Amino acid sequence: MRALHRPAAALATALATASCDRSSVTADARTGAEVYAAQCASCHGPSGEGVAGLYDGFLHGTLSTAALARVISDTMPKGDPQACTGDVAVRVAAYMQGAFYSPEAYARVRPPRIDLAHLTIAQFENSVADLVGGFRAAAPAQEGPRGLQAEVFDGRDFRRERRKVERIDPGIAFDFGTNAPPGSGAGSAEFSIRWRGSVLAADSGDHAFRLRTGNGARLWVNGEAKPAIDAWVSSGGEVQEHHATVRLLTGRAHPVRVDFFKFKDRTASVVLEWKPPHGAWAPVPADALRTASAPEVTVVTTPFPPDDGSLGYERGTGVSKAWDDAVTRAAVEIATHVAAQADALAGTRANAPDRSAKLRAFCGRFAARAFRRPLGEAETAAIVGATFDGAKDPEAAVKRAVIRVIKSPWFLYPELSVARDPGRRTASRLALALWDSLPDDALLRAADAGQLADRGQAAAQAQRMLADPRARAKLRAFFHHWLETGRAADATKDAAAFPGFDAAVLADMRTSLDLFLDHVLWSEASDYRELLGSRRLFVNDRLARFLALPPPPGPGFVLVDAAEGDRAGVLTHPLLMTALAYHKSTSPIHRGVFLTRNVMGRALKPPPEAIEFKDDRFDPTLTMRQKVEQLTKPTDCQGCHAVINPLGFSLEAFDGVGRFRRSEGTKPVDTAADYPAPGGGTVRFANARDVAAHAVASPDAQRGFVQHLFHHLVQQPAGAYGTGTLESLRGAFVGSGFRIRGLAAEIALTAALHAPAPAAAGQEL
Amino acid sequence: MTATTRREFAKRLGLSGAALPFVWGLPGLASPAAAARPKQRLVVVFSPNGTVPSQFWPDADDGPLQLKRILEPLAPLKERTLVLKGVSNKVRGDGDNHMRGMGCLLTGIELFPGNIQGGSHTPAGWARGLSIDQEIRNFLQRDEATRTRFGSLEMGIAVPERADPWTRMSYAGPNQPVGPVSNPYQVFERLYGRAKDRESVRSVLDGVAAELNAAAAALGDEDRRQIERHMAFVRDMEAEMSRPDDAGLRHPMPPLEEGVAVDNDTIPKLGRMQTELLVNAFANDLARVATLQYTNSVGQARMTWLGIPEGHHSLSHDPDGNAESQEKLTRINAWFCGEIAHLAGRLAETPEPGGDGTLLDHTLIVWINELAKGNSHSLDNLPFVLVGAAPGFRMGRVAKFDKAAHNRLWMTVARSFGHDLPAFGNPAFCDGGALALG
């Protein structure tokens, strides 16, 4: 349908006032809904669901109304973009936002369903580590002594009969000067030391290691075959720095070993430092070291394209060429790694008479473990038999079989693989929810014995699984996602406004948050109320000084009362305050948006127009609060900012790096505000502690938290598991005393035991 | 060598088309003289533990080259061989003769004091300067006309997986040893990408596609569409992989035999694989400098393929009077020479792409040894043998010098590349300038 040409005057009435000119016969007075129905629905469907062959897919996204209007104005309707421009486009965009386009509206209109999902990056790398790991010795528990097992030898050859000392060292940072290690009895001109144990990673990713020594040393990290650093030769008597980067997986212990020797060098010293993904250079701390060694962990290093984050949490939905390529390259990487160790993994030797049979059997077990179920005969013949028969030699066959298994949909799409076996299906879902990985042998045995059909027994398995380091890692990742700590990565601050802030302080903040999360989550109570309401904070010397707190009573990080200031658990944690702030100041708007969406559980539409905050546009004597109030005064903004602002202002007592303050410049800080409750009426917040108390007490906020955790653990919309599910989980959470670990278990069980609806023709999972 | 057609060239060598692997299909071969400056290349081949002087040195210093048993394999290339008498490694300082024989051989400069103790002398660290192969590499890479993708290739055969002064002869600078890669599959991967794995991936795509089909069958519309998108990528990959792997290369990649173990007994096979990779790399102009390091200083390979079970280094310490050991050492060194002759032969068989003659016409092979004789650890009168061609070098004879420092040989080699060095390594050993090899 062709639009009528409109005079230019009408185009100027963009955000129309009441006095629009209706005298022109060409003014378009239809509502946005009417325009949409007339001009857009023929391709996009009456509710944005799309029309096969014309526009395949739901129309949704995160553009602001103004940006969406510009897209419509410039490009739509297709083939006749002049037909909908200016204020008409704005009306259509506004209608679409509310009806189906924005994430909130989209979630409302599209019936929530369990989408087909492949493994996310975390699930892929964890599954691979456990897939290969299942053929190695079991890893030791991580509760053992911290530090490294040390042996000091007389002489440079690590000879057992000349071993002088066996002890535990908290790390490797020694300067022996011209002497032997004190109290060892070794010769000062010639001695050797061996340190052994394992190293843990708080986050998965590349860990840079630095070995500083003027003597001879080698470092092995997660690989016995070849040292990561080979600095055996000291040369010219100067201390040299040697570097290596190793990818480590969180939730796992990786074997580590350092051999060190002095021979006729004048002095001796050795320091082992690292820089983890979110850390700064520092000696590897005892907290990250265990004296018990561990078997090698198979860590995939192939880079993957990011997971789909369009719904606000990571999912394995959608395939792309980049993803398929990455899977293929990773498959080759894994196959090369497995083939090189095939004899050890298969329990055979190079010249064993039954080697071929053992390797075949290994490939069969490898596939079954990867697919989370036993293989049928035809499958075994195709994956193992045909591959071995067709390959030049057994090593090539092993390599091909592994590539085949990793690229198989039965590995990549867990739900598809176990669809027909309820026990295995429950096991697979529990392992993904709590570990982002494959089920272990104990879980598979329980599944095959039919135990997982019984909720009580399944719950007992969930409890067992929660005690595993992989569950800790997954929950820690949830909190970092929920608290949006990624915004703080590489944060820099104005040196004049925040003197002393640097990478080391930032790393300390992250450690402080991690320790606090661990402390709350893994205590007996695992209490959400403590998470939001605690006045206490983990600090070390440096962080305490930076935050103007008294020095901690002990070495390292200690949990102290942050007596001054009304701290409220994670909500006022320095890392968060730093992340949700500008270079020179706080950002009440970012903090307010975070609290609104993540903590209060309220939906927020994208802003009609995204406006940048430019500090120099304001009267410099105003406080930040005053500036924000001025900026967001227009009625159109107040729709959301009436909610956002009071929440943001409550945190103004904590500056852009999380220090408590009573005044900003010459003016006192004002944290009191009125907050409009979702159902109506207002609540008075005096400060952040009131916000925290409200978040704990409000059913909407409780439901929001439950939903966030649900999405992270299960990676499917909660609504797809039944309309009452979220509410019943909330009720159980509150009834249990806000026990977070309990909630995690309940969520995992809900997803794991969910039975598919009776199949109709074309019904999805 | 004048321009020639492929057929004439083959006839001249007495070779039929079938005997020349991978040579055909080169663009521009038949066209006469290239416009560009002729290329020049260097290959340094290392073998350890000294030679057997009585079976090595030609008797006459003048006249046509007479080859004794050890050098006999070079007979077909006699005209292109140059044997140097009287060139010595004069570098002293820290480290025993093996360590200095290795670390000062290509660098011409002392080792740092350090913590690695040899059989005698003081403990030492790494060399104090860069090696001649890296010096020439840097020179060639600086100029766009001679720059190649890799510059240089450091390759090894059965070099132990340790970094110490016995396993490293190349240095990018003081304290910067460059390690050779002994695994031909690793070399292949570096040169030609993951082409070798493509075959493995290609072989599984059918099975994966079948499984995706089975998976899609039980699904509803929306989910099935996702699986179908996934299947489309698998099909695309299959189509992509059926195109030839070496599109874009002047010279085809060598097919490597699969599944060759990297251990002592496969040394001959590994050596040939590395040689093939080197010849191909030159033909594709991926590099113009290379080192080929057989084992290491004090290398203890057991030449089982020659029926010799004892370790090389152990044999090299038997006295001159032990005839049996001397016989074995002669056969070992003759075998090394044979491998070098094979490398030279392969270069001679391969036409110079875009230029005239063969690869050997534009390549200088230098066979070096850490020691003159194993049981005396002598560094005097080292057995330097040059094969091939270089501007300003007259081949097919003996060139005799009187205790000339080997630094000066490296200055000559550099000059043949157009790189005039006033000194190389420790300047104290450079008096007299480059050796006259013309």
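## Where chain B meets chain A

Across the interface of chain B and chain A, 14 residue pairs are found in polar contact, both residues of each at pLDDT 80 or more; such a contact is a pair of N or O atoms within 3.5 Å where, within protein, one must be able to donate a hydrogen and the other to accept it, and residues adjacent in sequence count only if both atoms are side-chain atoms. This is a predicted model, in which local features need pLDDT of at least 70, side-chain atom pairs count only at pLDDT 80 or more, and totals for chains, interfaces and linings use all residues. Residues are numbered from 1 along each chain as its sequence is written, chains are lettered from A and ligands numbered from 1 in the order in which they are written, and side-chain values use heavy atoms, with hydrogens and water left out.

**The side of chain B**

- The elements of chain B that give two or more residues to the side touching chain A are β3 (111-116), β4 (124-127), α6 (195-217) and α7 (221-241); helices (H or I, at least four residues) and strands (E, at least two) are DSSP runs, numbered from the N terminus.
- With 13 residues, α6(B) gives the most to this side.
- By type, the side of chain B that touches chain A has 20 nonpolar, 12 polar and 13 charged residues (Ala, Val, Leu, Ile, Met, Phe, Trp, Tyr, Cys and Pro count as nonpolar, Asp, Glu, Lys and Arg as charged, and the others, Gly among them, as polar).

**Extent of the interface**

- In chain B, 45 residues are in contact with 52 residues of chain A (heavy atoms within 4.5 Å).
- The two chains bury about 3,900 Å² between them, 57% of it on carbon and sulfur atoms; this is the accessible area (1.4 Å probe) that two parts lose on being put together, summed over both.

**Salt bridges**

- Four salt bridges are found across the interface of chain B and chain A (a side-chain nitrogen of Lys or Arg within 4 Å of a carboxyl oxygen of Asp or Glu).
- Asp197(B) and Lys399(A) join their side chains in a salt bridge, at 2.8 Å from N to O.
- Over all chains, the whole structure holds 71 salt bridges.
- Within chain A, the side chains of Arg315(A) and Asp115(A) form a salt bridge at 3.0 Å, N to O.
- That pair links distant parts of the chain, 200 residues apart: Arg315(A) lies in the loop between β12 (289-290) and α8 (321-340), and Asp115(A) in the loop between α6 (103-109) and α7 (121-133) of chain A.
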